[in-house]
Amino acid sequence: TYRVNTLYLHINDQKVHNVLTKRVSQAQANAHTPSVGYLLASFFKFYAYEFDYKKHVVSLNATTRSGTIEREAKAESDNWKLYGQSLEIEDPFEEFYDVAHVLKPINFQRIRRELALAYSKVLTAMDGKQNEPDAGIKLLNSICEEYIRSDD
């Protein structure tokens, strides 16, 4: 059983609340719910390879109904930089605030490389090592290993 902390979640729209409640109920009843490993691999793959950082903003407030949030819209509504930043992350509570405004482009490229590396490690672990005891713990330790800076 998974629990979601909804302390700060305020859904004012009753239709949205009903849809979310229905989806959660269906997911719990459905035997084909994706595993946590699959969801983790999908997260890494999406943000390493598929998400268009030049056009969109990372946001927890984007929904399947409203779609992704465009950078141009955030630049217009909240005076965010349209160009020059590689990553923009909308604060989930203060939607006008870009929490990634301090991120330098070189560090953004490192984040993307780390997401791609984590995705490849998940795929490698899934490739025939599922019966190995403690495979999940070894995988998480591998993904979360300390970054050692090279002096290139």
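# Burial, rings and salt bridges in a predicted model

Reader: Why does valine 99 count as partly exposed?

Author: Valine 99 has a relative accessibility of 37%. Buried means under 20% and exposed means over 50%. A value of 37% falls in between, so valine 99 counts as partly exposed. The model is predicted, and this value, like the others here, is computed from it. Valine 99 lies in the loop between H3 and H4.

Reader: What makes valine 99 part of a patch, and which residues form the patch with valine 99?

Author: Phe96, Tyr97 and Val99 form a nonpolar patch on the surface. Patch residues need over 30% relative accessible area, and valine 99 has 37%. Together the three residues have about 280 Å² of accessible area.

Reader: How do you know whether asparagine 79 is buried or exposed?

Author: Its relative accessibility is 69%. The limit for exposed is over 50%, so asparagine 79 counts as exposed.

Reader: What makes the contact between glutamate 88 and arginine 71 a salt bridge?

Author: Their side chains meet at 3.3 Å, N to O. The definition asks for a nitrogen of Lys or Arg within 4 Å of a carboxyl oxygen of Asp or Glu, so 3.3 Å qualifies. The pair links distant parts of the chain, with glutamate 88 in the loop between H3 and H4 and arginine 71 in helix H3, 17 residues apart.

Reader: Are glutamate 88 and arginine 71 buried or exposed, and how do you know?

Author: Glutamate 88 has 1% relative accessibility and counts as buried. Arginine 71 has 2% and counts as buried. The limit for buried is under 20%.

Reader: Which salt bridges does lysine 74 form, and what makes them count?

Author: Lysine 74 forms a salt bridge with aspartate 78, the closest N and O atoms being 2.5 Å apart. The side chains of lysine 74 and glutamate 90 also meet in a salt bridge, at 2.9 Å, N to O. Each distance is within 4 Å, so each pair counts. A search of the whole structure finds four salt bridges.

Reader: How far apart in sequence are the partners of lysine 74?

Author: Lysine 74 and aspartate 78 are four residues apart in helix H3, so about one helical turn separates them. Glutamate 90 is in the loop between H3 and H4, and its pair with lysine 74 ties together parts that are 16 residues apart in sequence.

Reader: Why is the charge of lysine 74 said to sit over the ring of tryptophan 80?

Author: The charged end of lysine 74 is 4.8 Å from the centre of that ring. The distance limit is within 6 Å, and the charge must also be within 35 degrees of the ring normal.

Reader: Why is the pair of phenylalanine 46 and phenylalanine 51 called edge-to-face?

Author: The ring centres are 5.6 Å apart and the planes are at 65°. Centres within 6.5 Å make a pair, and planes over 60 degrees apart make the pair edge-to-face. Phenylalanine 46 and phenylalanine 51 pass both tests, so the pair is edge-to-face. Phenylalanine 46 is partly exposed at 31%, whereas phenylalanine 51 counts as buried at 7%.

Reader: What makes the pair of tyrosine 47 and phenylalanine 51 tilted?

Author: The rings of tyrosine 47 and phenylalanine 51 are 5.3 Å apart, centre to centre, with 45° between the planes. An angle under 30 degrees would be stacked and one over 60 edge-to-face, so 45° is tilted. Tyrosine 47 is buried, and so is phenylalanine 51.

Reader: How many aromatic pairs are there, and which residues form the cluster?

Author: The count comes to eight aromatic pairs. Phe43, Phe44, Phe46, Tyr47, Phe51, Tyr53 and Phe108 form one aromatic cluster.

Terms used. Residues are numbered from 1 along each chain as its sequence is written. This is a predicted model: local features need pLDDT of at least 70, side-chain atom pairs count only at pLDDT 80 or more; totals for chains, interfaces and linings use all residues. Side-chain values use heavy atoms; hydrogens and water are left out. Rings of Phe, Tyr and Trp (its six-membered ring) pair if their centres lie within 6.5 Å; planes under 30 degrees apart count as stacked, over 60 as edge-to-face and the rest as tilted. Buried means under 20% relative accessible area, exposed over 50%, partly exposed in between (1.4 Å probe, protein chains only). Patches are made of residues with over 30% relative accessible area and no salt bridge: like charges are joined within 9 Å, nonpolar side chains (Val, Leu, Ile, Met, Phe, Trp, Tyr) within 5 Å. Accessible areas come from the Shrake-Rupley method with a 1.4 Å probe; for residues, only the protein chains shown count as cover. Helices (H or I, at least four residues) and strands (E, at least two) are DSSP runs, numbered from the N terminus.
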